[in-house]
Amino acid sequence: MPVVDLNVDRNLLCANFDGYKLSFDAIAVLRQNLHLQREPLKLEPHARHQYSLLHTELFARHNALFSDPWARHNSYYMNSEHQLVMCSYDEQRGQAREQRVVYEMRQQLADHGDGFAHVAGDYNYTLRFISEKYCVMCDGMLSYTLLDTGDRAGRADNWQLITRTPIINTLTDPDGQRGFQLYDARLDIVQERKQISLACGHVARRQRNESIDIHVMEVTWSRWTLAVNGGQWSYDICQQLQTTGSIYYCAFEPRAQSLILCSNRELQAAAPNVLNGPAYTWTQSDGNLTLCFPLQQHVARQDVHIHCTGNQLRVEFQAQTLLDATLYRNLDHELTTWTLATVEAAQQLHLTLFKQQAEHWPRLLQLGNADEEPDADADPDADADADAEPERLPIPNLEDPVEECDFPLGATNADVKMVRFNLPTKSITHTIFLGLTPPIFVSNLRAGFPAAFVTRQDIDGAVWLQQFQPSRPDEWSVRHEGQLPAFGYVQASKQERKFIDCCPHLDYAVICESYRHVFIYKPRNDSANGLRNRYGPQVVIGKQHLVTLDDDVGEVLGLTTAPNVITILAEHAVFYLQV
């Protein structure tokens with residue numbers, strides 16, 4: 001597997017940078033108060049069921065303010081009335097425009113019944129702009145929504161619904177997965193058809209044994225594809241990945257043939273039968289077995305082929321093998337029957353098998369089968385590896401800080417890796433080793449490009465962008481895009497930091513705490529009044545600004561950056577910092 005190195009461009013380094021100096025120059029702050037009944041929507045983790053570190057990170061890192069890469073001075077948030085509100089800054093006049101609602105989710109949620117209403121434990125809304133006229137929204141529950149935004153640079157008040165799709169097939173999902181966060185979305189033209197690639201995350205709970213539960217982050221990779229005649233959008237799930245660690249970066253490469261992820265744990269591809277829930281479910285009595293396979297619509301009997309001999313079973317649908325395994329005991333294959341049935345508008349294959357001896361099977365398949373599906377009353381992890389690495393223990397109180405004792409021995413020293421998972425080969429093709437330090441932050445610098453990530457390079461912050469060549473899809477690397485002098489050292493000293501971002505042109509970087517304090521760093525400052533080292537070049541000193549917000553605005557919920565302005569969303573107000 002190729003290892004990609006982070007090669008620093010020395011032309012971007014500032015060797016004579018001598019730190020930041022606190023500046024007392026005034027920073028103009030514009031404030032817009034929010035309506036008391038329409039404050040930003042903020043959902044908290046469920047106190048009893050969402051106690052893991054993954055849940056805490058997912059909710060705590062959520063940025064409730066979404067930036068538009070095609071119109072950087074426009075930002076959006078969802079209020080408590082499930083209305084999408086636009087905050088806009090007029091750069092020419094230097095004033096904030098009046099906020100306005102561009103889309104309402106209330107009626108759409110009501111039309112889908114109680115199952116599409118927010119309940120305790122649901123995730124927050126997430127939004128991604130994929131072109132000048134398309135926007136993808138994840139409702140934090142079960143569905144994606146594709147919206148036609150019109151001309152966002154103008155005055156497009158009424159966004160139009162294009163399609164709404166469940167993220168997973170709820171008819172075949174046995175765990176009833178609920179709660180998703182959209183990591184990335186990308187629009188590409190593939191074979192003259194529009195294709196929207198989507199990646200979302202869900203924290204799932206898995207039982208390792210009777211006394212220990214583990215939590216894993218499942219990343220679902222799916223696609224919308226527009227029909228050739230420009231009609232309906234079709235939706236399908238491509239792959240599901242999972243890791244027991246944190247996700248620090250998740251973005252598609254151009255053309256979305258690969259997904260780039262950064263985590264402090266190994267990334268694994270889920271088996272095909274886990275993709276939309278299990279590929280089958282089964283029940284038993286003392287004399288027979290019943291297997292149910294979810295199928296596509298409009299299935300003919302000649303599309304199904306069953307091969308059963310002794311304890312060998314193979315089920316084929318068209319050119320796809322649904323099950324090919326060795327059963328726990330022998331069958332009376334002459335009595336095998338199957339039917340096609342429609343259950344809740346979904347077609348299923350019902351296969352009935354008769355046991356050669358009437359007895360209760362503790363499992364369906366013999367041990368060692370990759371497709372094994374354990375029975376509900378059996379221990380699913382009875383044969384698990386006893387030497388498996390211990391998992392993080394539950395955090396008893398989300399308000400207490402995470403300490404070293406909350407991790408198993410050695411877990412805090414896990415190496416952070418960034419990997420490229422290629423869909424055609426269904427494997428990891430490239431790896432970047434980042435050591436023990438995850439990326440400092442992630443930022444969208446250019447519209448239509450993958451997000452950039454910032455790593456600590458000595459005391460600086462190095463900005464990296466994916467580099468992809470369509471003519472050579474097997475090659476992949478990252479390019480050193482810019483440098484934030486001394487920012488790696490600076491951000492490490494801010495223990496209360498919540499949001500970190502930078503200007504798209506790297507003119508400044510900003511660190512925002514949960515309450516009141518905002519630190520702005522401008523590395524591209526004039527020379528320090530001609531100050532020089534005794535035998536060296538002229539010294540460059542950057543500016544540091546400290547902005548203190550009003551104490552009556554509550555917690556900071558979101559932050560976006562644009563040239564010359566920083567937009568901050570708090571519980572009771574929106575601030576525009578003119579930088």
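**Exercise 1. Work out how exposed Lys-133 is, then find its salt-bridge partner.**

Step 1: Lys-133 has a relative accessible area of 38%, so it counts as partly exposed. On this scale, buried means under 20% relative accessible area, exposed means over 50%, and partly exposed is in between (1.4 Å probe, protein chains only).

Step 2: Keep in mind that you're looking at a predicted model, where local features need pLDDT of at least 70, side-chain atom pairs count only at pLDDT 80 or more, and totals for chains, interfaces and linings use all residues. Residues are numbered from 1 along each chain as its sequence is written, and side-chain values use heavy atoms, with hydrogens and water left out.

Step 3: The side chain of Lys-133 meets that of Asp-148 in a salt bridge (3.9 Å, N to O). A salt bridge here is a side-chain nitrogen of Lys or Arg within 4 Å of a carboxyl oxygen of Asp or Glu.

Step 4: Asp-148 lies in strand E10 (residues 143–148) and Lys-133 in the loop between strand E8 (126–129) and strand E9 (134–138), so the pair ties together parts that are 15 residues apart in sequence. Strands (E, at least two residues) are DSSP runs, numbered from the N terminus.

Step 5: Asp-148 is partly exposed too, at 23%.

**Exercise 2. Find what the salt bridge between Asp-550 and Arg-31 ties together.**

Step 1: The two side chains of Asp-550 and Arg-31 meet at 2.6 Å, N to O.

Step 2: Asp-550 sits in the loop between strand E36 (538–548) and E37, and Arg-31 in strand E2 (residues 28–33), so this pair links parts that are 519 residues apart in sequence.

Step 3: Check the accessibility: Asp-550 comes out at 34% and Arg-31 at 32%, so Asp-550 is partly exposed and Arg-31 is partly exposed.

**Exercise 3. Describe the lining of the second largest cavity.**

Step 1: A cavity is a set of points, on a 1 Å grid over the protein atoms alone, where a 1.4 Å probe fits but cannot get out; lining residues have an atom within 4 Å of a point.

Step 2: The second largest cavity has a volume of about 60 Å³, that being the space filled by probe spheres set on the points, which are joined across faces, edges and corners.

Step 3: Its lining consists of Leu-41, His-62, Ala-64, Phe-66, Met-78, Asn-124 and Tyr-125.

Step 4: Sort that lining by class and you get five nonpolar, two polar and no charged residues. Ala, Val, Leu, Ile, Met, Phe, Trp, Tyr, Cys and Pro count as nonpolar, Asp, Glu, Lys and Arg as charged, and the others, Gly among them, as polar.

Terms used
1 Å grid on protein atoms, 1.4 Å probe; cavity = no way out; pocket = protein on both sides within 12 Å on 5 of 7 lines; lining within 4 Å. Helix = DSSP H or I, 4+ residues; strand = E, 2+ residues; numbered from the N terminus.
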